[in-house]
Amino acid sequence: MDICEKTVDFGEIRPNNLKQFNWGAFVMWNLWGIFNGVPILMLWFILLMPQLYLALEDTLAEPISSIFIYIAFALNFLSPIILLVLSFYWGFKGNRIAWKKKQWDSVEHFEKTQDSWNTAGKVVLALFILLVLVFIFSM
């Protein structure tokens, strides 16, 4: 198996795993983004957690405007859908974006790092599914 493939157009060396699905980016995209040159993903995570907005209402000195509460409730309904879509997007496109956004020591370094994220994502997903099954069958 080749370490890398050479593109004809630019003569640029690229990792083989650019088009592979990345389970780490799928399951833990907010953390994955911080460590792979896409820290803006943490902002998306915060914006899509409307429970934080609603929790702030009681702690603020001034009341939150009603439009803000309507937006928070709308986000509360839409955030699971948006998070699922974003998870699939980062799972499919994450390797390509990480390759472009971050300065990597070598192709091997990139592939090893993304393989580690891939393994971590599979472990976290398996643990989550196991916990859900334990919860369901313990009822």
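Predicted model: local features only at pLDDT ≥ 70, side-chain atom pairs only at ≥ 80, totals over all residues.
User: What makes their aromatic pair stacked?

Analyst: The planes of Phe88 and Phe92 are 20 degrees apart, and planes under 30 degrees apart count as stacked. Centre to centre, the two rings are 6.5 Å apart, and the limit for a pair is within 6.5 Å.

User: Why are Phe88 and Phe92 called partly exposed?

Analyst: Phe88 has 37% relative accessibility and Phe92 has 46%. Buried would need under 20% and exposed over 50%, so Phe88 counts as partly exposed, and so does Phe92.

User: Why is the pair of Trp23 and Phe26 called edge-to-face?

Analyst: Happy to go through it! A pair of aromatic rings is described by the distance of the centres and the angle of the planes. For Trp23 and Phe26, the centres are 5.5 Å apart and the planes stand at 85 degrees. An angle over 60 degrees counts as edge-to-face, so that is the name for this pair. Both residues lie in helix 1 (residues 23-27), three residues apart.

User: Which residues do ring pairs link into a cluster?

Analyst: The cluster holds Phe21, Trp23, Phe26, Phe88 and Phe92. Across the whole structure, the search finds eleven aromatic pairs.

User: How do you know that Asn118 is buried, and what is it in contact with?

Analyst: The relative accessible area of Asn118 is 13%; with the cut-off at under 20%, Asn118 is therefore buried. Asn118 lies in helix 6 (residues 107-137). Leaving aside neighbours within four places in sequence, Asn118 is in contact with Phe21, Asn22, Trp23 and Gly24. Two of these, Phe21 and Trp23, are also in the ring cluster.

User: What about Asn17: why is it called buried?

Analyst: Asn17 comes in at 5% relative accessibility, so Asn17 counts as buried. Asn17 is found in the loop between strand 2 (13-15) and helix 1. Beyond its neighbours within four places in sequence, the contacts of Asn17 are Asn95, Phe110, Glu111, Gln114 and Asp115.

User: Which residues touch the most other members of the largest nonpolar core?

Analyst: They are Trp32, Val38, Leu41, Trp90, Trp99 and Phe110, out of 16 residues. Helix 2 (29-35), helix 5 and helix 6 each supply at least two residues of this core, and helix 5 gives the most, with five. Not counting residues up to four places away in sequence, Phe110 touches Trp99 and Trp104, among others.

User: What sits over the ring of Trp104?

Analyst: That is the charged end of Lys102, 4.7 Å from the ring centre; the distance limit is within 6 Å.

User: How does the span of helix 6 compare with what is expected?

Analyst: Helix 6 has 31 residues and reaches 45 Å from first C-alpha to last, close to the 45 Å expected at 1.5 Å a residue.

User: Why is Ser138 called exposed?

Analyst: Ser138 has 55% relative accessibility, and over 50% is the cut-off, so Ser138 counts as exposed. Ser138 is in the segment after helix 6, and its side chain reaches the backbone oxygen of Phe135 at 3.0 Å.

Technical notes: Residues numbered from 1 in each chain as written. Heavy atoms only, no water. Phe/Tyr/Trp six-rings, centres within 6.5 Å; stacked < 30°, edge-to-face > 60°. Helix = DSSP H or I, 4+ residues; strand = E, 2+ residues; numbered from the N terminus. Buried < 20%, exposed > 50% of the residue type's maximum accessible area, 1.4 Å probe, protein only. Lys NZ or Arg CZ within 6 Å of the ring centre and 35° of its normal. Contact = heavy atoms within 4.5 Å. Core = buried A, V, L, I, M, F, W, Y, C linked by side-chain atoms within 4.5 Å. Polar contact = N/O pair within 3.5 Å; in protein donor to acceptor, adjacent residues only side chain to side chain. Expected span 1.5 Å × (residues − 1).
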